Amino acid sequence: MKTQSENACFGGTQGVYTHASTTCACDMTFGLFLPAEARNGPVPLLWFLSGLTCTHENAMTKAGAQAWAAEHGIAIVFPDTSPRGDSVADDESYDLGKGAGFYVNATQGPWAKHFRMWDYVMVELPAVLGEHFALDMERQSITGHSMGGHGALTMAMSAPGRFRSVSAFAPIAHPTASDWGRKQLSAYLGNNEETWAAHDATLLMRANGFDGPVLIDTGTSDQFLDLLKPEALAEAATARRQQMTFRMQPGYDHSYFFISSFMEDHVAFHAEALWV
């Protein structure tokens, strides 16, 4: 593992690191904020999964998460959204290929060799983090934005006991019924729609739910509301009687201005679950 940078940040350290990923068959870069408490022993970990077109850097520099993580003594990891490198397949559109891994393990060419973001986030990167940093890997929660909100919700509902809480900012909530989903799932997983269900938060909510607290924020002025379909997830949670705080925030759009406005709420929400 190579240290790209480390900066003092709210009494802790914001680092950027690169390692050779066997899962994605390329070098992968992630950001990790460690609060001051990590100098004295392992601290809980919050995952932030970013959205389409992002790298590890967008949320790390724009979401304003470190101040609130420092206040609660928790770490935050910012993974990349896809494999990178000259040998990695790409597409000319912004919502497929590099920057658009969709948090699945691709089975179709030309994506299958590198695009294994599910295993990277769920298996390989946690092992790297646990080996190299002062983190309590028994205390993890997860959040994300847009495509990353999709990833956070699907991972949390697919791995009972792994995450203590889950939240999302403007998640792609019903991808099997949206152009933000059907395009990517068919490209990465093929045309058998039965295989897509494991990566649809609304369908997983109907089937599994989540054994813990859930928080969802979406802006009423989000320019992508018809693609996100938050109402489908809300209906599924209500039918299941799943504990969930679902908020439509008046006037907010899909940007990092929206995320940073409610980041304090989300970090506090996860800290409450992580420190129980």
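Me: Quick one on Cys54: buried or exposed?
Reply: Cys54 counts as buried, at 5% relative accessibility, where buried means under 20% relative accessible area, exposed over 50% and partly exposed in between, using a 1.4 Å probe and protein chains only. Please keep in mind that this is a predicted model, in which local features need pLDDT of at least 70 and side-chain atom pairs count only at pLDDT 80 or more, while totals for chains, interfaces and linings use all residues. Residues are numbered from 1 along each chain as its sequence is written, and side-chain values use heavy atoms, with hydrogens and water left out.

Me: Switching to the core: which residues have the most contacts inside the largest nonpolar one?
Reply: Those are Phe30, Leu32, Trp47, Leu129 and Tyr188, in a core of 88 residues; such a core is a set of buried Ala, Val, Leu, Ile, Met, Phe, Trp, Tyr and Cys residues joined through side-chain atoms within 4.5 Å. Helix 3, residues 117-132, supplies the largest share of this core, eight residues. Helices (H or I, at least four residues) and strands (E, at least two) are DSSP runs, numbered from the N terminus.

Me: What does Leu32 touch?
Reply: Leaving out residues up to four places away in sequence, Leu32 touches Thr13, Gln14, Gly15, Tyr17, Leu45, Ala75, Ile76, Val77, Leu129 and Phe133, with contact meaning heavy atoms within 4.5 Å.

Me: Back to helix 3, where is the kink?
Reply: The kink, of about 35°, lies at Leu125, shortly before the proline Pro126; the bend at a residue is the angle between axes fitted to the seven residues ending there and the seven starting there. Both Leu125 and Pro126 are among the buried residues of helix 3, as is Glu124. The buried residues of this helix pack against strand 2 (12-21), strand 3 (26-34), strand 4 (43-49), strand 5, strand 6 (135-144) and helix 4 (147-158).

Me: What makes a polar contact with Glu124?
Reply: The side chain of Thr23 does, at 3.0 Å from the side chain of Glu124. A polar contact is a pair of N or O atoms within 3.5 Å; within protein, one must be able to donate a hydrogen and the other to accept it, and residues adjacent in sequence count only if both atoms are side-chain atoms. Thr23 sits in the loop between strand 2 and strand 3 and is buried, with a relative accessible area of 18%.

Me: How many salt bridges are there?
Reply: The count comes to seven, a salt bridge being a side-chain nitrogen of Lys or Arg within 4 Å of a carboxyl oxygen of Asp or Glu. One of them joins Asp95 and Lys183, whose closest N and O atoms are 2.6 Å apart. Asp95 lies in the loop between strand 5 (75-79) and helix 3, and Lys183 in helix 5 (residues 179-189), so the pair ties together parts that are 88 residues apart in sequence.

Me: Asp80 pairs with what?
Reply: Asp80 meets Arg84 in a salt bridge, with an N to O distance of 2.9 Å. Asp80 is buried, at a relative accessible area of 4%, whereas Arg84 is partly exposed, at 26%.

Me: Last topic, helix 9: where is its kink centred?
Reply: In helix 9, residues 256-274, a kink of about 50° is centred on Phe262, and Phe262 is one of the buried residues there, others including Tyr256, Ile259 and Leu274. At the start of this helix, a side-chain oxygen of Ser255 reaches to within 3.2 Å of the backbone nitrogen of Phe257.
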